[in-house]
Amino acid sequence: MFVSLASWGWSNSSYNPLRKTKLHTTDALLALKEGREEGLQYFFDNYYSCLQFFAQKIIHDPLLAEEVVADAFIKLWERRAILSTEGSIKSLLYTTVKNGCIDHLRKVKRMRVNELGLQSINTIEPCVLHSIVETETVQQIVDTLEKLPPKCRQVFQLFYLQGKSYDEIARELNLSPHTVRSQKQRATRLLKAMVTTAVMWFVLHFSG
């Protein structure tokens with residue numbers, strides 16, 4: 001059962017498919033390798049929001065999260081010549097953000113260990129893995145909205161992104177509450193089927 005994305009800290013403003021660069025992934029990869037800014041812009045547009053969300057879930061500091069994510073894109077630009085697939089770029093970005101967040105948490109926890117005489121800082125990695133899975137789930141849901149039938153997409157956005165009730169959505173879309181409920185259930189079924197594979201890839205990739 002899906003929970004409200006807003007309750008996870010994902011704002012409705014994060015979902016904006018019109019903002020994405022009008023490039024095919026293959027063209028973006030070539031542009032990035034050749035040092036053209038539109039290549040970097042493509043991956044920035046596609047990954048910034050989910051990386052920012054990911055970092056904030058770990059370190060709970062929006063400004064610091066922005067710095068960590070910015071460092072990841074700097075590293076992407078510096079290493080662009082050796083990255084040949086979107087998968088390798090995605091892995092680099094998430095790994096860089098993950099390591100940046102862990103470094104910050106270790107510094108903070110080390111200070112607390114020293115101050116309070118605590119015994120361990122080894123609880124960081126499970127927290128990070130949970131945040132990775134949560135982030136990828138949310139991002140896949142948001143991306144998949146573009147593939148849903150229009151009415152399903154509208155109902156899903158109003159219910160999960162804006163937190164509106166069945167009756168409120170029915171009034172806004174001029175539908176019956178029963179139709180709204182049916183469209184929401186259909187959207188949920190479609191989304192569940194489409195996000196599972198990506199989430200499992202992240203679990204296997206980052207838990208090793």
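Q: Which pattern does the chain follow when read along the sequence?
A: This is a predicted model. The chain has eight helices and zero strands. Read along the sequence, the pattern is therefore made of helix symbols throughout, given that helices and strands are DSSP runs: α-α-α-α-α-α-α-α.

Q: In which helix of the chain is confidence lowest, and in which is it highest?
A: The average pLDDT over the chain is 76, and 66% of the residues score at least 70. Helix 5 (residues 124–144) has the lowest confidence, with a mean of 63. The highest value, 93, belongs to helix 3 (residues 62–78).

Q: Over which residues does pLDDT stay under 50?
A: Where pLDDT is low, the predicted coordinates should not be read in detail. One such stretch has 44 contacts beyond four places in sequence in the model, and this stretch is residues 1–19. Another has 13 contacts beyond four places in sequence, and this one is residues 202–208.

Q: What share of contacts in the chain between residues at least 6 apart in sequence joins residues at least 24 apart?
A: The chain has 208 residues, of which 40% count as buried. Among the contacts between residues at least 6 apart in sequence, the share that joins residues at least 24 apart is 67%.

Q: How many nonpolar residues does the contact of helix 1 with helix 2 have?
A: Helix 1 passes helix 2 in a left-handed crossing. From helix 1 the contact takes Thr 25, Ala 28, Leu 29, Ala 31 and Leu 32, and from helix 2 it takes Glu 38, Gly 39, Leu 40, Tyr 42 and Phe 43. By class, two of these residues are polar and one is charged, while the number of nonpolar residues is seven.

Q: Is Arg 36 buried, exposed or partly exposed?
A: Arg 36 lies in the loop between helix 1 and helix 2. Beyond its neighbours within four places in sequence, Arg 36 is in contact with Leu 30, Ala 31 and Trp 77. Its relative accessibility is 32%, so Arg 36 counts as partly exposed.

Q: Is the crossing of helix 2 and helix 3 left-handed or right-handed?
A: The axes of helix 2 and helix 3 cross at roughly 140 degrees and come within 9 Å. That angle makes helix 2 oblique to helix 3. The crossing of the two helices is right-handed.

Q: How many nonpolar residues does the contact of helix 2 with helix 3 have?
A: On the helix 2 side, the residues include Leu 40, Phe 43, Phe 44, Tyr 47, Tyr 48 and Leu 51. On the helix 3 side, they include Val 68, Val 69, Phe 73, Leu 76 and Trp 77. By class, the contact has two polar residues and one charged residue, and the nonpolar number is 16.

Q: Is Gln 52 buried or exposed?
A: Gln 52 lies in helix 2. Leaving aside neighbours within four places in sequence, Gln 52 is in contact with Pro 62, Ala 65, Glu 66 and Val 69. Its relative accessibility is 11%, and under 20% is the cut-off, so Gln 52 counts as buried.

Q: How far apart in space are Leu 105 and Ile 59, C-alpha to C-alpha?
A: Leu 105 is found in helix 4 (residues 86–116). At 14% relative accessibility, Leu 105 counts as buried. Leu 105 and Ile 59 are 46 residues apart in sequence, and their C-alpha to C-alpha distance is 6.9 Å.

Q: Is His 60 buried or exposed?
A: His 60 is found in the loop between helix 2 and helix 3. Its phi is near 55 degrees, a positive value in a residue other than glycine. The relative accessibility of His 60 is 65%, so the residue counts as exposed.

Q: What is the phi of Asn 174?
A: Asn 174 is found in the loop between helix 7 (166–173) and helix 8 (177–206). With a relative accessible area of 70%, Asn 174 is exposed. Although Asn 174 is not a glycine, its phi is positive, at about 60 degrees.

Terms used
Residues numbered from 1 in each chain as written. Predicted model: local features only at pLDDT ≥ 70, side-chain atom pairs only at ≥ 80, totals over all residues. Heavy atoms only, no water. Left-handed = near helix turned anticlockwise from the far one by under 90°. Helix = DSSP H or I, 4+ residues; strand = E, 2+ residues; numbered from the N terminus. Contact = heavy atoms within 4.5 Å. Nonpolar A, V, L, I, M, F, W, Y, C, P; charged D, E, K, R; others polar. pLDDT = per-residue confidence, 0-100. Buried < 20%, exposed > 50% of the residue type's maximum accessible area, 1.4 Å probe, protein only. Axes fitted to C-alpha atoms, helices over the stretch in contact; angles between N-to-C directions. Parallel < 35°, antiparallel > 145°, perpendicular 65-115°, else oblique.
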